[in-house]
Amino acid sequence: MTVDASRDTWARARAYQDVLTAQGAVLTDADYLQPADTLLDLYGEDIRARAFTTQDPVRGEMMLRPDFTVPIVQQHMAHGAEPARYTYMGKVFRKQEDGGDRPTEFVQVGYEVFDGTDRAAADAEVFATLAGLLKDTPVTPATGDIGILRAAVQGLNTTPARRAALMRHLWRPRRFKTLLDRFCGLTDTPTSRAALLAQDDPLADLPPVLGLRSRDQIARRIDALRADAAADPISGGERSLLDALLAVRETAPFALTALRDIAVDLPSISAAVDGLAARLDALSARNIDVDTLMFEASYGRTSMEYYDGFVFGFSADPALNLPPVATGGRYDALTTVLGGGTGVPAVGGVIRPALVAAAEGAL
Amino acid sequence: MTLKLGIPSKGRLMEKTFQWFADRGITLRKSGSDREYAGAVDGIDGVELVLLSAGEIPRELDAGRIHLGVTGSDLVREKLPAWDSRVVELAKMGFGGADLVIAVPDAWIDVDTLDDLDAVAAAFRADHGFRLRIATKYHRLVRDFLRDNGVADYQLVDSQGATEGTIRNETAEAVADITSTGETLRANGLKILSDGMIHASQATLFRGRRKDWTQAQRDTLTRLMAHLDA
């Protein structure tokens, strides 16, 4: 990045932060080096492909912060009191392993709200705040709601084990579909599994057990496989509803109507759809034009692993081929994981000033 | 400027590479004593032989310090991110074959596919409080493969040798390792997942990016390729 571009980026970042502090956000910060353990536990091994890893002789493996959210949530869970509003500004670091020419470090300004008094209002506050920062930038917002997907899966009429398996892979659409196809009885049982379950006592000739996974754990999995084989398939009707739900992609009022229609036959999503309606009202109250706002039920499903409710992004003209200029969402469950069991309602978003400049054609 | 050809400096891989070029009318040999890592080329002008470790050849090709190199296709994929935008495969050489596979203990009679491995990883994490460990030295290849196949709740632990023994030693629950016949895996009480083939590797002739090559080097490559294709 040239010196001029860097100056422009930091000037924009400071201007955003001035707006955020003026509306009451408390300035906060995070260490550049974060313990790798926490990030690996949250994101799994994939984070190694995205975060730079280094070694501290005493603290062990460390990562250059790939985002601020995790350390900010940890700080809040350790010391903060609700309600709280935070802002931070600084560089985050991401490997670009696909060999692309996207930057490996970039400035982010963030806004995080820990306030459970009115979730819809807090969602709208974060969205409207970022929209305000972007009011002169040619970007288009899109929204989604992971909470509706979660409610749909949790409401499926099938075994708890199958629901848990689907929930676990909500973020991996290909794996999710493979599992769903099998639970719907659309794919054959793998031959090796059929052969195993055909035996009266598969453990009778068990080869010597090596390593930490015990005979008992193997036996329990076989029991689970038997229970799964005995379970009825998820009905075609439920599958159609789920597919229809995942395909919803309309302006918000039409999306709401479509989801209400689906909720008639899939009542488990009703509360989450009510939450969407309340959010749209709260957005309107903040002068967001919801009639033109896009809602995509699958939005954020591949890239935003810790979000579990409202999700949104602001994108520049697709011809510019830029990542979203600003993104955010609700992450209540993350606070529970990082808070050691106690969670708080939390929603936040980040804006990347260099991308704003690019979207405005300023560079 | 000569065209520098990097060849593994030791063992069967070197001998078979020499034989492969000899079959195509180009004689490669070590010059001087057997312990010396200098080489000579007969049968074509403008090619210089560089002997170095097979594991370093991907990096040297990428850096442009050698122009052509023979090494395992697994090593190029492991060591160079987005390898196919940085080097080009000129010829698969038909030897040095080995498969990078995922293997688990024979006693895991409930595990035959990646789908099983993923389910077991979830249960293992719930039972033990840490993610199921897969020992390997091929971190990038294994991670990309498992991500593409939607396997979660595992961790990779580094193992630079005797990887098959890590499970018995309770430092890993599964392995991702290179095997040509599967014999060592079987001898250690391990079986290969039916869909656990990550990469079928073989010795391959690669070239690096040509952007800084002289016309003489380009012409030499053209003559070399005529030999190899003949």
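In chain B, six residues of domain 1 are in contact with eight residues of domain 2. Two residues count as in contact if their C-beta atoms, placed from the backbone, lie within 7 Å. Helix 3 of chain B, residues 73-79, gives the most to domain 1's side, with four residues. Helices here are DSSP runs of H or I with at least four residues, numbered from the N terminus. Asp, Glu, Lys and Arg count as charged; Ala, Val, Leu, Ile, Met, Phe, Trp, Tyr, Cys and Pro count as nonpolar; the others, Gly among them, count as polar.

This is a predicted model, where local features need pLDDT of at least 70, side-chain atom pairs count only at pLDDT 80 or more, and totals for chains, interfaces and linings use all residues. Residues are numbered from 1 along each chain as its sequence is written, while chains are lettered from A and ligands numbered from 1 in the order in which they are written.

Where do the domains of chain B run? Domain 1 covers 3-96 + 203-229, and domain 2 covers 98-201. These bounds come from an automatic or database domain assignment. The C-alpha centres of the two domains of chain B lie 32 Å apart. Chain B averages a pLDDT of 93. That score is the predictor's confidence in each residue, from 0 to 100.

Now look across to chain A. Here 31 residues of chain A are in contact with 31 residues of chain B. Helix 9 of chain A supplies the largest share of chain A's side, five residues. That side divides into 14 nonpolar, six polar and 11 charged residues.

Technical notes: Helix = DSSP H or I, 4+ residues; strand = E, 2+ residues; numbered from the N terminus.
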